[in-house]
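Subject: Structure handover

Hello,

Please read the notes alongside the coordinates.

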Amino acid sequence: MVSIPVATFGSAGQKIPLLGFGTADFPFGEYEAVKQSVLHAIEVGYRHFDTAAVYQSEKPLGDAIAEALHRGLIKSRDELFVTSKLFSSNAHSHLVLPALQETLKNLGLEYLDLYLIHFPVSLKPEAQFPFKPDETLVMDFESVWKAMEECQNLGLTKSIGVSNFTCKKIEKLLATARIPPAVNQVEMHIFWQQKQLRKLCEEKGIHMTAYSALGPKGTPWEGNNKPIECQVVKEIASGRGKTAAQVCLRWVHEQGVSVVVKSFNKERMKENLKIFDWELSEEDLQKINQIPQKRGNLAEAFVADESPYKSLSELWDGEL
């Protein structure tokens with residue numbers, strides 16, 4: 001079994017495995033596929049699992065963890081690092097704690113290792129996914145984050161963090177936070193390298209986790225940014241006897257961030273683990289560094305005339 005390296009983050013020195021298993025598969029709600037894939041992932045060595053209320057994967061993940069414990073695949077829940085996320089319709093100060101309690105109930109767990117604000121935008125409390133643009137609201141960062149801090153203080157999650165936050169939004173959150181976010185989980189891959197955001201997070205002591213490192217397959221926003229189909233990546237992979245996916249994941253790993261990757265194929269799960277015993281050359285890194293940049297996950301559903309966000313630039317603070 002592959003031993004996945006860990007990073008230390010947060011003031012408590014928590015350990016996060018640098019390669020995690022994602023459970024978001026669109027369209028959401030495939031219970032059996034998620035449960036069986038998580039069991040396979042545990043069998044081959046994954047210990048970091050990423051879910052979210054909106055993915056509808058909390059229940060199958062929790063049931064897979066319970067079965068893994070019963071079968072002796074893991075000795076205790078403490079061997080796992082489990083992340084979940086607060087959906088935007090619950091991103092209101094009075095709804096944060098009930099949302100986390102519901103997440104823990106779905107997972108059958110007493111605590112999370114990490115709880116994230118899924119997106120820096122609120123929705124009307126009655127909004128469901130997929131939502132309407134006129135259900136979008138500006139998030140009250142101060143009150144929502146205060147409720148997140150209370151969740152940590154209650155011991156329901158070991159750490160709290162954010163997802164899809166830009167530099168400007170992180171600065172705004174930090175202005176009133178008593179507990180700084182431990183993690184910012186964002187889209188990051190060879191086509192969207194997040195250099196500015198990585199620099200800020202490093203300065204502020206915020207660990208970064210990358211999603212969609214292999215591209216947008218299995219997401220609601222499938223587009224043209226497909227890192228594993230990039231010619232530069234294919235040439236590097238061919239020259240090194242690696243797969244394009246391994247090159248993409250290795251590049252993210254070498255940037256000092258953790259990465260969550262989703263594959264429900266057992267052989268590809270194993271393949272994705274084989275990124276820790278080799279390195280990209282300086283020439284490889286220079287080639288990747290020159291790839292033109294463009295955000296893939298634009299979250300266009302939040303942008304409309306009826307929304308507080310009239311343009312993508314406004315939503316993403318110009319980070320496009």
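The second largest pocket has a volume of about 350 Å³. A pocket here is an open set of points on a 1 Å grid over the protein atoms alone, where a 1.4 Å probe fits, with protein on both sides within 12 Å along at least five of seven lines; lining residues have an atom within 4 Å of a point. The volume is the space filled by probe spheres set on the points, which are joined across faces, edges and corners.

This is a predicted model: local features need pLDDT of at least 70, side-chain atom pairs count only at pLDDT 80 or more, and totals for chains, interfaces and linings use all residues. Residues are numbered from 1 along each chain as its sequence is written, and side-chain values use heavy atoms, with hydrogens and water left out.

Of the 22 residues lining the second largest pocket, Ala 53, Val 54, Gln 56, Phe 87 and Gln 128 are the closest to its centre. Helix H2 (58-71), strand E5 (81-86) and helix H3 (96-107) each give two or more residues to this lining; H3 gives the most, with four. Helices (at least four residues) and strands (at least two) are DSSP runs, numbered from the N terminus.

On the helix pair: H1 (residues 31-44) and H9 (residues 266-273) pack at about 40°, with axes 10 Å apart. Axes are lines fitted to C-alpha atoms over the stretch in contact, and angles run from 0 to 180 degrees between N-to-C directions.

Regards
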